[in-house]
Amino acid sequence: MAHPYSSLHDEKLIRLALYEAADLTASGQAALRTEIQRRSLGSEIELSFEWLRQGITQESLELLKHVVISQPCPVCGSTDMPLEAAEIRETASIWLLTHTRIWLKIGCSSCLNRMMRHALRKTLLLGWWSLPDGIIQTAQTLRRYLLPPRFRRAGRAQALQQFVIRHAGYLYAYRYQESQILKLLQHQNTVWAG
């Protein structure tokens, strides 16, 4: 009898192995491992799958953070400074509707600061035009940008930790393949978080 994993496309199977393996039952993990091996999807996928099953340690998180921060900036390509992560928010209002978008962006500090300034300008221009939500959400967004530098640095460290935990399986699997890591970082900068 074929297991349900046998009907998944390779891409979905890899995603399952790198992002959701730890949440599967023991029999589900065994079936997934068997399917990965049957398809010869790569030793890095198998190693990452086994690593995730054992649990992520603080030491391995630090290793994966180093993998991320040592990449070239996915925005400008600079290798002059380590990468950081930041939560970028922007609020816009039209008539009675107000919407705040949140992104977790990865880049050098110059690129992140440029993205934050752009979002801040957009919020200042478009955030106020709805009562009362526009004013409330705009004030909340502005408060995030007007924090003292030490709080912003702490927020960036927390955002990087959040990114590494979310993508630990992928980062571990491709930790020696800069092009794959860069592809993930570029994709991250296009994803809307909320």
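The following is a chat about a predicted model of one protein.

Colleague: How many helices and strands does the protein have?

Modeller: The model is predicted, and its secondary structure comes to nine helices and two strands. Along the sequence the pattern reads α-α-α-α-β-β-α-α-α-α-α.

Colleague: What does the C-alpha trace span along its principal axes?

Modeller: About 60 × 40 × 25 Å. The protein has 194 residues, and 41% of them count as buried.

Colleague: And the contacts, what share joins residues at least 24 apart?

Modeller: Taking contacts between residues at least 6 apart in sequence, 66% join residues at least 24 apart.

Colleague: Which residues have the most contacts inside the largest nonpolar core?

Modeller: L32, V68, I88, F163, V164 and L171, in a core of 46 residues.

Colleague: Take L32. What does it touch?

Modeller: Leaving out residues up to four places away in sequence, L32 touches Y5, L13, L16, A17, A21, L24 and F49.

Colleague: F163 and V164 are on that core list too. Which residues of α7 are buried?

Modeller: R156, A159, L160, F163 and V164 are the buried residues of α7. Seen down the helix axis they fall within an arc of 130 degrees, so they line one face of α7.

Colleague: Why would residues a few places apart end up pointing the same way?

Modeller: An α-helix has 3.6 residues a turn, so residues three or four places apart point the same way.

Colleague: Which exposed residues are on the face turned away from the buried side of α7?

Modeller: R150 and Q158.

Colleague: What about F151, is it buried, exposed or partly exposed?

Modeller: F151 also lies in helix α7. Its relative accessibility is 41%, so F151 counts as partly exposed, since that value falls between the 20% and 50% cut-offs. From F151 to R53 it is 98 residues in sequence and 34 Å in space, C-alpha to C-alpha.

Colleague: Let's do α4 then. Which of its residues are buried?

Modeller: S60, L61, L64, K65, V67 and V68. Viewed down the axis of α4, these buried residues fall within an arc of 155 degrees, so they line one face of the helix. They pack against α3 (43–54), β2, α7, α8 and α9.

Colleague: What is the reach of α4, first C-alpha to last?

Modeller: α4 has 12 residues and reaches 16 Å, close to the 16 Å expected at 1.5 Å a residue.

Colleague: Changing topic. How much space lies in the second largest pocket?

Modeller: About 280 Å³. It is lined by 15 residues, and those closest to its centre are E87, R144, R152, G155 and R156.

Colleague: Which element gives the most to that lining?

Modeller: α7, with eight residues of the lining of the second largest pocket. At least two residues each come from β1, α6 (133–145) and α7. R156, one of those closest to the pocket centre, is also among the buried residues of α7.

Colleague: Now the backbone. Which peptide bond is cis?

Modeller: The bond from L131 to P132 is cis, with omega near -10 degrees. P132 is in the loop between α5 and α6.

Colleague: What is phi at S40 and at W95?

Modeller: S40 has a positive phi of about 50 degrees, although it is not a glycine. W95, also a residue other than glycine, has phi near 55 degrees.

Colleague: Where are S40 and W95 found?

Modeller: S40 is in the loop between α2 (26–39) and α3, and W95 is in the loop between β1 and β2.

Colleague: Is W95 buried or exposed?

Modeller: W95 is exposed, with a relative accessible area of 70%. S40 is exposed as well, with 59%.

Colleague: Last one, E11. Where does it lie?

Modeller: In helix α1 (residues 10–19). E11 has 69% relative accessibility, so it counts as exposed. E11 and W51 are 40 residues apart in sequence and 19 Å apart in space, C-alpha to C-alpha.

Notes
Residues numbered from 1 in each chain as written. Predicted model: local features only at pLDDT ≥ 70, side-chain atom pairs only at ≥ 80, totals over all residues. Heavy atoms only, no water. Core = buried A, V, L, I, M, F, W, Y, C linked by side-chain atoms within 4.5 Å. Buried < 20%, exposed > 50% of the residue type's maximum accessible area, 1.4 Å probe, protein only. Contact = heavy atoms within 4.5 Å. Helix = DSSP H or I, 4+ residues; strand = E, 2+ residues; numbered from the N terminus. Arc of directions from axis to C-beta. 1 Å grid on protein atoms, 1.4 Å probe; cavity = no way out; pocket = protein on both sides within 12 Å on 5 of 7 lines; lining within 4 Å. Points joined across faces, edges and corners; volume = space filled by probe spheres on them. Expected span 1.5 Å × (residues − 1).
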